[in-house]
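I opened my notebook for another friendly look through a model. These are my entries, in the order I made them.

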Amino acid sequence: MGSIIAILLFSLSLIFCLLLKLSVVYALIIGYMIFVIYGLIKGHNLIVLIKKSFEGVLTVKNILLVFILIGMITALWRASGTIAYIVYMGSKLISPSILILLTFLLCSILSVLIGTSLGTAATMGVICASIGKAMGVNPYYIGGAVLSGIYFGDRCSPMSTSALLISELTKTNLYTNIKLMIKTSIIPFIVTCLFYLFLGFKSKVSNISVDVTEIFKQNYNLNIIVIIPAILIIILSILKINVKKTMLVSIVISFIIAMFIQRDSIVALINYSIFGYHHSNERLNLMMKGGGILSMVNVSLIVGISSSYSGIFKETKMLVSLKKHLKDFSKKTSSYFVIFLSSIISGAIACNQSLGTILTNELCGELVEKQKMAIILENTVILLVGLIPWNIAMDVPLKTLDVGIMSGLFAFYLYFLPLWNLFLNFIKERKYKIKI
């Protein structure tokens with residue numbers, strides 16, 4: 001009972017912060033104190049609890065490093081003219097009516113290649129958002145299409161850390177999982193494409209005006225060389241080079257191009273890398289400003305603090321009674337439905353995809369056999385966390401694109417797939433009960 005009260009108190013602090021429009025970081029700090037106090041009441045040593053929480057933070061050190069790289073690459077691609085060139089050329093090649101669908105497809109392809117949602121959002125996502133902004137496309141439509149696309153690959157790429165994590169947690173074969181993931185996603189994928197095509201044709205958009213393209217020509221040297229950082233991302237991804245190394249190479253090349261092609265000083269580029277890109281031309285600044293390491297501070301705190309919870313949970317065994325309640329509930333409803341609900345709750349509490357996945361598996365792992373559990377996790381928590389505003393799975397990509405959380409309404413794939421499989425499970429359960 002004490003564990004449920006602790007989780008409820010933390011949930012209330014989250015709701016309180018959201019209502020007052022405060023940073024979720026405050027709720028996470030309160031949550032940390034609540035869980036530590038719970039551990040102390042249960043007789044655990046304070047030093048041990050703190051030590052365990054630090055062990056939890058260490059599990060996400062690679063994610064924190066990726067955040068730094070994302071901040072730098074999004075700023076330097078702006079400074080080097082990479083995004084400006086693609087927007088300029090895109091205005092000549094892409095019809096505004098298919099941009100939303102194309103955004104979803106391009107982000108899906110790149111996320112399969114590189115296996116990271118955040119890396120895809122910081123590269124292809126930023127490019128598509130920049131083109132969309134220049135064309136006057138509703139930014140929420142583009143934001144939703146980016147979210148859908150980046151988690152298409154994050155879910156089923158052989159390079160995806162989430163796919164690898166689930167195969168490890170459930171002791172299943174990665175490639176068997178991928179085959180089953182593709183099988184369960186065909187209908188939702190097709191329907192998502194149709195919805196984005198419909199949104200594109202109903203949107204009141206126009207081709208990028210001449211004066212907008214002139215701004216790019218006047219303020220950037222649009223030499224074809226500036227496209228190299230983006231091409232490198234694709235080539236190195238196809239060659240299955242580590243994502244961090246791939247991004248680092250692109251950052252270095254962007255830095256050099258910005259120095260020698262765009263004539264930016266080293267001091268200015270370091271400044272952009274830390275504080276974000278900005279330009280003296282106000283009209284250009286509206287389209288191109290952003291990025292930088294400091295833009296990732298808030299989300300880094302979210303990941304760091306929430307990841308500390310996993311160590312406390314393991315030490316205090318505070319989820320044991322909750323698991324029993326979920327098992328009883330699954331007998332009255334269905335295992336898929338319970339995992340579906342648990343993934344939303346875990347994603348809301350964990351505030352990041354990895355911990356949300358671990359918590360969901362910890363709570364529901366005994367409800368179904370391993371292979372089935374792996375696919376249900378891929379069809380629920382991996383996607384649904386991208387719809388939780390304070391979870392970094394949604395917060396980081398949208399911050400990178402500089403669009404609001406309303407984009408979640410248009411991230412069709414993220415809820416079409418879980419709901420489609422929930423519906424199929426309901427039909428299957430019903431047929432099974434009729435036979436009995």
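**Helix H19**

I began with the buried residues of H19, which are Ser335, Tyr336, Val338, Ile339, Phe340, Ser342, Ser343, Ser346, Gly347, Ala348, Ile349 and Ala350. Buried means under 20% relative accessible area, exposed means over 50%, and partly exposed lies in between (1.4 Å probe, protein chains only). For helices I took DSSP runs of H or I with at least four residues, numbered from the N terminus.

Before going on, I noted that the model is predicted, that local features need pLDDT of at least 70 and side-chain atom pairs count only at pLDDT 80 or more, and that totals for chains, interfaces and linings use all residues. Residues are numbered from 1 along each chain as its sequence is written, and side-chain values use heavy atoms, with hydrogens and water left out.

H19 is mostly covered, with 12 of its 16 residues buried. I then checked its length: from first C-alpha to last, H19 reaches 21 Å, close to the 22 Å expected at 1.5 Å a residue. The expected span is 1.5 Å times one less than the number of residues in the helix.

Ser335 sits in this helix, which runs over residues 335-350. Ser335 has a relative accessible area of 17%, so it is buried. Leaving aside neighbours within four places in sequence, Ser335 is in contact with Ser330, Leu367 and Val368; contact means heavy atoms within 4.5 Å.

With neighbours within four places in sequence set aside, I found Ser343 in contact with Thr360, Thr380, Val381 and Leu384. I also looked up Ser343 against Ile63: they are 280 residues apart in sequence and 21 Å apart in space, C-alpha to C-alpha.

**Positive phi**

Just after H19, Cys351 takes a positive phi of about 65 degrees. Arg263, not a glycine either, has a positive phi of about 60 degrees. Arg263 is in the loop between helix H14 (243-260) and H15, and its relative accessible area of 68% makes it exposed. For Lys317, phi is near 55 degrees, again positive in a residue other than glycine. Lys317 is in the loop between H17 and helix H18 (320-332), and at 58% relative accessibility it counts as exposed.

**Salt bridges**

How many salt bridges are there? I used the rule of a side-chain nitrogen of Lys or Arg within 4 Å of a carboxyl oxygen of Asp or Glu, and the count comes to two.

One joins the side chains of Lys52 and Glu55, at 3.8 Å from N to O. Both residues lie in helix H3 (residues 46-58), three residues apart, or about one turn of the helix. Lys52 is partly exposed at 28%, and Glu55 is partly exposed at 36%.

Lys399 forms a salt bridge with Asp395, and the closest N and O atoms are 3.0 Å apart. Lys399 and Asp395 are four residues apart in helix H23 (residues 392-401), so about one helical turn separates them. An α-helix has 3.6 residues a turn, so residues three or four places apart point the same way. Lys399 is partly exposed, at 43%, whereas Asp395 is buried, at 12%.

**Nonpolar core and patch**

Which residues touch the most other members of the largest nonpolar core? Of its 138 residues, they are Phe35, Phe67, Phe216 and Met288. Helix H7 (residues 117-135) gives the most to this core, with 11 residues. A nonpolar core is a set of buried Ala, Val, Leu, Ile, Met, Phe, Trp, Tyr and Cys residues joined through side-chain atoms within 4.5 Å. Not counting residues up to four places away in sequence, Phe67 touches Leu118, Met296, Val299, Ser300, Val303, Ile392 and Val396.

Helix H15 (266-275) and helix H17 (297-316) are the elements that give two or more residues to the patch, and H15 gives the most, with four. Leu301 is found in H17, and at 41% relative accessibility it counts as partly exposed.
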